[in-house]
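Have the sequence and the 3D view ready, and follow along.

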Amino acid sequence: MGRGDVSSHLDEHLGYVADPLRLAQFEAAVARVVRPGDVIADLGCGTGVLGLLCLKAGAARVYEIDSTAMIGVARESLVRAGWGEQTVFLHGKAHQVELPERVDAVVCDQVGYFGFDYGIVQSLQDARRRFLKPGGALIPSRIKLQLAAIESDTCCALSEGWRADAIPAEFHWLRENAINTKHGVTLRKDALLGAPAELGEIDLREDDPGFRSWTVEMRIEREGILHGMAGWFECELADGVWMTNSPLSDRAIQRNQAFLPIGEAVAVKAGDVVKATVMARPAEHLIAWQVEILSSGRRFSHSTWQGELLTPEEIARRNPAHVPKPSRISLAWACVLAYCDGQRTVHQIEQAVLRDHPDLLPSAGEISRFVSQVLGGDTT
Ligand SMILES: C[S@@+](CC[C@H](N)C(=O)[O-])C[C@H]1O[C@@H](n2cnc3c(N)ncnc32)[C@H](O)[C@@H]1O
């Protein structure tokens, strides 16, 4: 793990660790759930801070799992603090790692901005099936989704910024992408045009239906300009212990909300009713939203699918009937891995590739760097 790999993540993780309310809420949940001697899986452990809370609460062992170089930060931090004997560090995507035993509880903070937009549904479904003992606990266990009609110049700048006067006209088309994107925003209370509605609930202890659709009606309570919808979560970490990023809460963690734009700003007045439907395929990171102002009949329909900037070649590649051919780099990858026979050293593999495939990449230096990248990432 190079220092550069870690540096690109540390700013984000400083935000998580420097939020005392978030830590206090996880600590309260852990105190409710974790018993001395328990075995825990910390999914997407980042710095390892949630696993650390479990160890301090008496856990006998914690499996720390992260797909990024942050696993090295977790290892270094927990080993330095004297927890090395009780921790196992696994580098990889949670659904690709295996544990040697079942655990009493799984802990994670993968609730993103809108509750389901950071992979928690699939992550916990898999962990529940493969890692958790029967009757084991999930932290968090359920998520309530909130939605509100929003007036916000900051949000408007995110969705409309690409067609501002100062932007060269050649780039104005990117607005299509911006209005079909879920943006992260920090909202103030006064951005809300009316009370939020509870959009729906996700029980993480139940099987994931894959596709979800929720519809709510929201009453506008003041005159203003509707720029879109904002979503956030209230998640139950343990019985009676809740964590939220609601802009209305005095006990909100430091986390953005999700902003879902509409294609045009619309003037609204008190008494108007806005009907919104949000549909999601969390496993595919797809969100679609439809918004209708009932009094005027104005309707908007957007989706992150429309917001994807796909080239015609990428669209063709997604067609199940497409016949794929390996790219030059994937052939090079296969070539290097073919030398991993459990006998050769890194140096011997590098020498063999340089000798047998001198034209694999444009220069010997490129080949050496590539070999070290392949062996560093895809071998044990
Ligand atoms: C929101 S951060 C939370 C970090 C830490 N648990 C905390 O509470 O401070 C999510 C972490 O999950 C990791 N992650 C995301 N998807 C993952 C996956 N599929 N498998 C393993 N780790 C994942 C990210 O690298 C990141 O470190």
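Below we look at the ligand, then a helix residue, then a hairpin.

## Before we start

Keep in mind that this is a predicted model.

## Around the ligand

Zoom in on H13: an N or O atom in its side chain is 3.3 Å from an oxygen atom of the ligand.

A backbone N or O atom of C45 is 3.4 Å from a nitrogen atom of the ligand, and for S67 a backbone N or O atom lies 3.2 Å from a nitrogen atom of the ligand. How much of the ligand's accessible area does the protein cover? On its own the ligand has 590 Å², and the protein covers 91% of that.

The ligand takes up the space of the largest pocket.

## A residue in helix α2

Now find V33, which belongs to helix α2 (residues 20–33). Leaving out residues up to four places away in sequence, V33 touches D38, A105, A137, I139 and A238. Also look at E236: it sits 203 residues from V33 along the chain, yet their C-alpha atoms are separated by 12 Å.

## A hairpin to finish

Strands β14 (residues 286–293) and β15 (residues 298–303) pair up antiparallel, with six bridges. In one of these pairings, E292 has R299 of β15 as its bridge partner.

Four residues sit between β14 and β15 in this hairpin. Check out G297 in the turn: its phi is positive, about 75 degrees.

Notes. Residues numbered from 1 in each chain as written. Predicted model: local features only at pLDDT ≥ 70, side-chain atom pairs only at ≥ 80, totals over all residues. Heavy atoms only, no water. Pairing = 2+ DSSP bridges. Helix = DSSP H or I, 4+ residues; strand = E, 2+ residues; numbered from the N terminus. Contact = heavy atoms within 4.5 Å. Polar contact = N/O pair within 3.5 Å; in protein donor to acceptor, adjacent residues only side chain to side chain. Areas by Shrake-Rupley, 256 points an atom, 1.4 Å probe, with all protein chains shown as cover. 1 Å grid on protein atoms, 1.4 Å probe; cavity = no way out; pocket = protein on both sides within 12 Å on 5 of 7 lines; lining within 4 Å. Sits in = over half its atoms within 2 Å of the grid points.
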